[in-house]
Amino acid sequence: MDPVHLFELASQQARWLGIRQMLVAQNVANANTPGFKASDVTPFEDVFNSNEITIKATNPGHIGSDPNDIESVTMKEATPWEVTYSGNSVSIENEMIKAGEVNRAYSMNTSIRKAFHQMMMTSLKG
Amino acid sequence: MNDQLEASLKIAGSGLESQSTRLRIVSENLANAQSTGSTPGANPYARKTVTFESEMDRAAGVDLVQVKSIGVDRAPFRVEHEPGNPAADSKGFVKYPNINVIMEMADLREANRSYEANLQIIKQVQNLNSQTIDLLRNSS
């Protein structure tokens, strides 16, 4: 077991959750903008899997899907709940559900990190 | 790493600003629901409308929202026969604003709902931020 890898994974997910929260905020702010299409992130599993298969990018010039890059994880929502006459596909209810999900996942993320930190401290101090 | 969360606050803030402009326009319309012209046959207050557009913020790379334009509703004015009114024309007809109070109330409720949704996002982001800070707090 490599504890450092877990911290890396946790911070990766935290970044992904941050991007998701940002997109939710973007959708809610544009809930009344004509023609605005709601956007979401690709699921974390996909980001994580694609990240494992691709070659490690050790140089900024290397190409690879990077979870820190907003562009590579953003996508337009495939199945919007409702599309209004003005062409807006944001559903506030759906966005609130997503915000709740982000909140829950983020608490779990921070709790796991806290627990892991505690474990490391225990093994250090005895 | 809290770049995205800061961006979220900025986006939600722009949403609040746009929705409050919309509330302002609704209250202007309601306040002027009976405002006729002052000279005989003059046009009364015309209903104002608000349209939004999403605006790309180059610095953060995110879509903010802003008020695109405050337009004027081109619907015909309501005409009533009131010969005694100072704004009545030669035949005794007075033009009243093209404002439907029920419609304004519906718009008010919708603006209110959108405003609350943006507020909710701000609360959520603050919660996420404090959870991150709590990571440092209890790690003794």
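Ser91(A) touches Trp81(A) and Glu82(A), leaving out residues up to four places away in sequence. Ser91(A) sits in the loop between strand 2 (74-76) and helix 4 (92-125) of chain A. Its relative accessibility is 3%, so Ser91(A) counts as buried. The model is predicted.

## Chain A: layout and confidence

Chain A has four helices and two strands. From the N terminus on, the order is α-β-α-α-β-α. Of its 126 residues, 41% count as buried. Take the contacts in chain A with a separation of 6 or more: residues 24 or more positions apart account for 74% of them.

The average pLDDT of chain A is 79, and 78% of the residues score at least 70. Where is confidence lowest and where is it highest in chain A? Helix 3 (residues 70-73) has the lowest mean, at 64. Helix 4 of chain A has the highest, at 91.

Asp40(A) lies in strand 1 (residues 39-41) of chain A. At 11% relative accessibility, Asp40(A) is buried, because the cut-off for buried is under 20%. The side chain of Asp40(A) makes a polar contact with the side chain of Arg20(A), at 3.3 Å. Leaving out residues up to four places away in sequence, Asp40(A) touches Arg20(A), Leu23(A), Val73(A), Thr74(A), Met75(A), Glu77(A) and Lys98(A). Lys98(A) is 58 residues from Asp40(A) in sequence, with 9.4 Å between the C-alpha atoms.

Leu9(A) belongs to helix 1 (residues 3-29) of chain A. The relative accessible area of Leu9(A) is 27%, so this residue is partly exposed. Leu9(A) touches Phe44(A) and Phe48(A), again not counting residues up to four places away in sequence. Leu9(A) and Asn109(A) are 100 residues apart in sequence, and their C-alpha atoms are 9.9 Å apart.

Chain B averages a pLDDT of 88. In chain B, 96% of the residues score at least 70.

Two packed helices are described by the angle between their axes and the distance between the axes. In chain B, helix 1 (residues 3-31) packs with helix 2 at an angle of about 160°, and the axes are 9 Å apart. Helix 1 of chain B is therefore roughly antiparallel to helix 2 of chain B. The crossing of helix 1 past helix 2 in chain B is left-handed.

## Chain B: two buried loop residues

Asn98(B) lies in the loop between strand 4 (93-96) and helix 2 (101-137) of chain B. With a relative accessible area of 11%, Asn98(B) is buried. Which backbone oxygen lies 2.8 Å from a polar atom of the side chain of Asn98(B)? That oxygen belongs to Ala75(B). The side chain of Asn98(B) also reaches the backbone oxygen of Asp73(B), at 3.3 Å. Setting aside neighbours within four places in sequence, Asn98(B) is in contact with Tyr45(B), Ala46(B), Arg47(B), Asp73(B), Arg74(B), Ala75(B), Pro76(B) and Phe77(B).

Gly92(B) is in the loop between strand 3 (78-81) and strand 4 of chain B. Is Gly92(B) buried or exposed? At 5% relative accessibility, Gly92(B) counts as buried. Leaving aside neighbours within four places in sequence, its contacts are Glu80(B), His81(B), Glu82(B) and Pro83(B). Gly92(B) and Leu30(B) are 62 residues apart along the chain, and 25 Å separates their C-alpha atoms.

## Where the chains meet

The predictor gives the complex an ipTM of 0.81 and a pTM of 0.81.

Helix 4 of chain A and helix 2 of chain B have axes that come within 10 Å and cross at roughly 5°. That angle makes helix 4 of chain A roughly parallel to helix 2 of chain B. On the chain A side, residues making the contact include Ile92(A), Glu93(A), Met96(A), Ala99(A), Gly100(A), Tyr106(A), Arg113(A) and Lys114(A). On the chain B side, they include Arg113(B), Ser114(B), Ala117(B), Ile121(B), Gln124(B), Leu128(B), Asp134(B) and Leu135(B).

How values were computed:
Residues are numbered from 1 along each chain as its sequence is written. Chains are lettered from A and ligands numbered from 1 in the order in which they are written. This is a predicted model: local features need pLDDT of at least 70, side-chain atom pairs count only at pLDDT 80 or more; totals for chains, interfaces and linings use all residues. Side-chain values use heavy atoms; hydrogens and water are left out. Buried means under 20% relative accessible area, exposed over 50%, partly exposed in between (1.4 Å probe, protein chains only). Contact means heavy atoms within 4.5 Å. A polar contact is a pair of N or O atoms within 3.5 Å; within protein, one must be able to donate a hydrogen and the other to accept it, and residues adjacent in sequence count only if both atoms are side-chain atoms. pLDDT is the predictor's confidence in each residue, from 0 to 100. Axes are lines fitted to C-alpha atoms, for helices over the stretch in contact, and angles run from 0 to 180 degrees between N-to-C directions. Angles under 35 degrees count as roughly parallel, over 145 as roughly antiparallel, 65 to 115 as roughly perpendicular and the rest as oblique. A crossing is left-handed if the near helix is turned anticlockwise from the far one by less than a right angle, and right-handed if clockwise.
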